[in-house]
Amino acid sequence: MISDGIRIRRATPEDVQVLADAQVRNRERLRPTEPYRSEEFYTAEGQAARLAEAGSARWIVTDGPLVVGRADLTGIVLGPFRSASLGYWIDARYVGRGLASRAVEEVCRAACDELGLHRIQAGTLTDNTASQRVLTKCGFERIGTAPNYLHINGAWRDHHLFQRILHDEHPPGIPSHSDR
């Protein structure tokens, strides 16, 4: 439990309709910060396809049966890279309660302990100071700015890039320098 009955957990196929409902409810608020989304994205079928994407892990923030946020790891790569990209959002009615920070912390914990990742990266629009504060609070460091990084809301947009190193242990199955 995060606080006051609010929880974060891995999304399951049973969540597709409540995920679609949450995306519809937050569609206009998220439009300025997200890539173009087809109409199918806002349906249970679209959310089912998203949950089934290879190389991803998805969490939802719930208040009872209502989805009030989500956090996603995408582009999960193992081997010597052991990294993924993080995305997240919180429902407008729940912003300012520290839920984004708690969700990001839980995803980082799971990325390290359950997925065995070494690093998580995240990008924010250069003017998204709220998201930058969340990432900094959660131990991410800014590593640069990428010009024209993503096509967001109809235009290529610059992003500040952040990363968090989760641990420095050797990847499983890959010998350390001293073992060669």
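Predicted model: local features only at pLDDT ≥ 70, side-chain atom pairs only at ≥ 80, totals over all residues.
Let's start with charge. Side chains of opposite charge can pair when their charged atoms come close. In this model, the count of such salt bridges comes to 15. We'll visit a few of them.

Begin with Glu 39 and Arg 27, whose side chains meet in a salt bridge with N and O 2.4 Å apart. Now look at where the two partners sit: Arg 27 belongs to helix H2 (27-30), while Glu 39 is in the loop between H2 and helix H3 (44-51). They are twelve residues apart, so this pair links distant parts of the chain. Is Glu 39 buried or exposed? Its relative accessibility is 53%, and because anything over 50% counts as exposed, Glu 39 goes in the exposed group.

Next, find Arg 37 and Glu 34, another pair joined by a salt bridge, this time at 3.3 Å from N to O. The cut-off for buried is under 20%. Arg 37 has 18% relative accessibility, so it counts as buried. Glu 34, with 12%, counts as buried too.

Now move along to helix H4, which covers residues 99-113. Here Asp 113 forms a salt bridge with Arg 109, and their closest N and O atoms are 3.7 Å apart. The two residues are four apart in the helix, which is about one turn. Asp 113 is exposed at 55% relative accessibility, whereas Arg 109 is partly exposed at 34%.

Rolling a probe the size of a water molecule over the atoms shows where empty space is left. The largest pocket here has a volume of about 1,200 Å³. How many residues line the largest pocket? There are 48, and those nearest its centre are Gly 87, Tyr 88, Trp 89, Asn 128 and Ser 131.

Note on methods:
Residues numbered from 1 in each chain as written. Heavy atoms only, no water. Salt bridge = Lys/Arg side-chain N within 4 Å of Asp/Glu carboxyl O. Buried < 20%, exposed > 50% of the residue type's maximum accessible area, 1.4 Å probe, protein only. 1 Å grid on protein atoms, 1.4 Å probe; cavity = no way out; pocket = protein on both sides within 12 Å on 5 of 7 lines; lining within 4 Å. Points joined across faces, edges and corners; volume = space filled by probe spheres on them.
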